[in-house]
Amino acid sequence: MGSAADFGGWIAERSAAELTEPFTFVIGTDGVLRLAPRRSEHVACAGGDMVLSAGEISFVCDEGRWAVGEVSNQSTGYCPDVTSWTTVAHALDDIELGRPSGFTHEVVFRRCPDCQELNIVREDDFVCVFCGSGLPAAWNVDPGV
């Protein structure tokens with residue numbers, strides 16, 4: 001979605017049932033928002049390409065104007081860092097959608113340096129649930145890491 005008109009056309013084609021659930025989203029390396037049904041894989045939504053952010057997003061309509069209701073970085077396909085919010089914000093601003101000031105639900109992803117398993121950090125407990133090793137404070141899930 002490169003513009004408000006693109007989003008308007010897309011949202012108009014959604015059924016009332018579809019709008020009750022969040023959608024899968026990615027922000028491509030071109031900074032453009034791409035949307036798919038919630039049960040879609042983020043990697044498929046991105047066409048297998050690298051992304052700047054990914055997660056789930058829902059929309060609300062208030063007085064005829066669409067806005068983001070909730071948005072998270074929940075994507076186990078890409079495991080984006082919470083700092084990817086800035087790219088999400090820019091993409092939403094580009095299509096003139098009202099939005100929150102950050103992810104409404106943040107997921108903290110880390111890869112264990114010892115066993116290489118992917119972890120979701122809960123309650124700031126940076127310990128690998130698979131092997132008990134300490135997890136790094138900095139995001140380290142980039143495929144190149």
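In helix H1 (residues 4-12), Phe7, Trp10 and Ile11 are buried. Buried means under 20% relative accessible area, exposed means over 50%, and partly exposed lies in between, with a 1.4 Å probe and protein chains only. Seen down the axis of H1, the buried residues fall within an arc of 95 degrees, so they line one face of the helix. The arc is taken from the directions that lead from the helix axis to the C-beta atoms. Ala5 and Ala12, on the other side of H1, are exposed.

This is a predicted model, in which local features need pLDDT of at least 70, side-chain atom pairs count only at pLDDT 80 or more, and totals for chains, interfaces and linings use all residues. Residues are numbered from 1 along each chain as its sequence is written, and side-chain values use heavy atoms, with hydrogens and water left out.

**The sheet under H1**

The buried residues of H1 pack against S1, S2, S3 and S4. Contact here means heavy atoms within 4.5 Å. Helices (H or I, at least four residues) and strands (E, at least two) are DSSP runs, numbered from the N terminus. Axes are lines fitted to C-alpha atoms, for helices over the stretch in contact; angles run from 0 to 180 degrees between N-to-C directions.

The sheet is open, with four strands in the order S2-S1-S3-S4 and antiparallel pairing. Strands S2 (33-37) and S4 (65-72) stand at the edges, each with a single partner, so one side of each has no neighbour in the sheet. From one strand to the next, the twist averages 40 degrees. Two strands pair if DSSP finds at least two bridges between them. Six bridges join S1 (residues 23-28) to S3 (residues 51-62). In this pair, Thr24 stands opposite Glu56.

**Helix H3**

H3 also has a buried face. Its buried residues are Trp85, Val88, Ala89, Ala91 and Leu92. They fall within an arc of 165 degrees, seen down the axis of H3, so they line one face of the helix. What covers them includes S1, S2, S3 and S4. His90 and Asp94 are exposed on the other side. Just after H3, Glu96 takes a positive phi of about 60 degrees.

| H1 | Phe7, Trp10, Ile11 | 95 degrees |

**The cores**

A nonpolar core is a set of buried Ala, Val, Leu, Ile, Met, Phe, Trp, Tyr and Cys residues joined through side-chain atoms within 4.5 Å. The largest one has 21 residues, of which Phe7, Phe25, Leu33, Leu35, Ile57 and Phe59 touch the most other members. H1, S1, S2, S3, S4 and helix H3 (85-94) each supply at least two residues. The largest share, five residues, comes from H3. Apart from this core lies another, of seven residues, among them Cys45, Ala46, Ala54 and Tyr78.

What does Leu35 touch? Leaving out residues up to four places away in sequence, its contacts include Met1, Phe7, Trp10, Phe23 and Cys45.

**Cysteines**

A disulfide is a pair of cysteine sulfur atoms within 2.5 Å. By this rule the count is zero. Cys115 is in no disulfide; its nearest cysteine sulfur, that of Cys128, is 3.6 Å away. Cys115 is partly exposed, with a relative accessible area of 27%. Cys61 is partly exposed too, at 44%.
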